[in-house]
Amino acid sequence: MKKLSKALALISSAIIATCTMSGISASAVEWIDSTGDFVVDFGDEGEKFVFRYFNDTEAYKKYPDKFPGVLVYQSMYEPSLLFSCNQFAFHRVELTVKNDGWKEIYDKYAEQIGFNNMYTTDDTIELECYLDCTKYDSKEEARAAYDAHMETLKEKYDLVVQMCTEMYKKGCIDKADYIEYFVCDQERMRFSGVTIRDFEGTPEEAQEIVESVDENLYAEPVVNIIGMPYEEEEALVIDENGKYVPLDYKKLDYYKELYKDKYEVELVYVMKFKPGTPREMMDIESEIYAYEAIKDKYPNITVNNFEAYFPATDLGTGVHILTDTINLISPNADDDIFGADIGDTTDDGIVYGDINADSKIGIGDAIAINKYINESIVFNKSQIKAADLNEDGAVNVDDLNIMLQYLVDIIDEFPVSK
């Protein structure tokens, strides 16, 4: 009993310390919810912002053509900023290979998993299932393709683990990292307001037009100097105290004369929400509605398209939406607290007790069983077989007790061996 108590104490402390397991990892996989909120990296400085799923909003449902992405996310910090996502990488695997033996095993699994991109650098192989939703004729088709990938995440992950396990046991690789899901391309969309241009009427008439579509809006007259560099324009509208002071629209003719040889000067009306408008009324849907309503009611008025698209071609400056990297194979992990020679195998070659497939049976395998029982991690099919030490069709506390007895030499074989 002293040996069993020692094993129990060791496994408890190891679980608290989150012991790193060598070989195939039994790490928990928290399948991504693409319809939830994301904390994402944004910009070169590594700032983090929360983006919410935008597809289920009334604005998206009413005006889907305004949002070209299969998935659209809105910044919670700056609601006028959205990301429209159309290109995705699923099941990104990075292998550190030792020889060419991995190729034959890869060929066996590639079609089942759906790998269609491969990058090779020295002894590193990167694999992924790449989906480009811009290739489809309709957004509905593209979304169906995306959903099909999402529905098979766990199934394909099991195949990835199985493939990496086989490569590892054959001595083809000594490291494998896995990222379940990665948004690898997107467009930034900024809704910067609705502007009326080329309007010959008075500011009062512009206000009447704006209020006729939404009583919470007003039309602010703004002198727009087309082509003027930002620094020069800023010097005109920022006073000595750093306060923004717009150009006086009543002096429009003066500015036209002043810049007649350098820039074009025009008067535009920018739609804004009136002071005191409830925050829930100040949304993108209201701006889109105002834009469409003015176009319909006043076809002779020029209303600019207020959407601006900035392709984030450089991922370093774009938005990253990705899951954590899961270490499947690690050559640098510490040895387990206990280690035993490899034991009996199942009919399909899976070793009983070797949950993490590191070719030995140790405390890491007991930790994995304990975590599985507590539902803090998931097992693939091979791991379930390896952990079912009494072969009763389930992995439970009985199997954990058997494993602990085996590790401290109370028993020298598993019940499945008898």
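His-91 is placed in strand 4 (residues 81–97); helices (H or I, at least four residues) and strands (E, at least two) are DSSP runs numbered from the N terminus. The model is predicted, so local features need pLDDT of at least 70 and side-chain atom pairs count only at pLDDT 80 or more, while totals for chains, interfaces and linings use all residues. Residues are numbered from 1 along each chain as its sequence is written, and side-chain values use heavy atoms, with hydrogens and water left out.

Most residues other than glycine have a negative phi. His-91 has a positive phi, near 50°. His-91 counts as buried, at 2% relative accessibility (buried is under 20% relative accessible area, exposed over 50%, partly exposed in between; 1.4 Å probe, protein chains only). Asp-122 also has a positive phi, of about 55°, and is not a glycine. Asp-122 lies in the loop between strand 5 (117–121) and strand 6 (124–132). At 80% relative accessibility, Asp-122 counts as exposed.

The chain has 12 helices and 16 strands. Of its 418 residues, 46% count as buried. Among contacts (heavy atoms within 4.5 Å) with a separation of 6 or more, 71% come from residues 24 or more positions apart.

Helix 10 (residues 363–373) contains Asp-365. Asp-365 is buried, with a relative accessible area of 0%. A polar atom of the Asp-365 side chain lies 2.8 Å from the backbone nitrogen of Ile-355. Not counting residues up to four places away in sequence, Asp-365 touches Gly-353, Asp-354, Ile-355, Asn-356, Lys-360 and Met-403.

Met-403 is among the buried residues of helix 12 (residues 397–407). The axes of helix 10 and helix 12 come within 10 Å and cross at roughly 165°; axes are lines fitted to C-alpha atoms, over the stretch in contact for helices, and angles run from 0 to 180 degrees between N-to-C directions. The two helices are therefore roughly antiparallel (an angle over 145 degrees). From helix 10, the contact is made by Ile-363, Asp-365, Ala-366, Ile-369, Asn-370 and Ile-373. Helix 12 contributes Val-397, Asp-399, Leu-400, Met-403, Leu-404 and Leu-407.

Asn-396 caps the N-terminal end of helix 12. A side-chain oxygen of Asn-396 lies 3.0 Å from the backbone nitrogen of Asp-398. Just after helix 12, Asp-409 takes a positive phi of about 65°.

Terms used:
Polar contact = N/O pair within 3.5 Å; in protein donor to acceptor, adjacent residues only side chain to side chain. Parallel < 35°, antiparallel > 145°, perpendicular 65-115°, else oblique.
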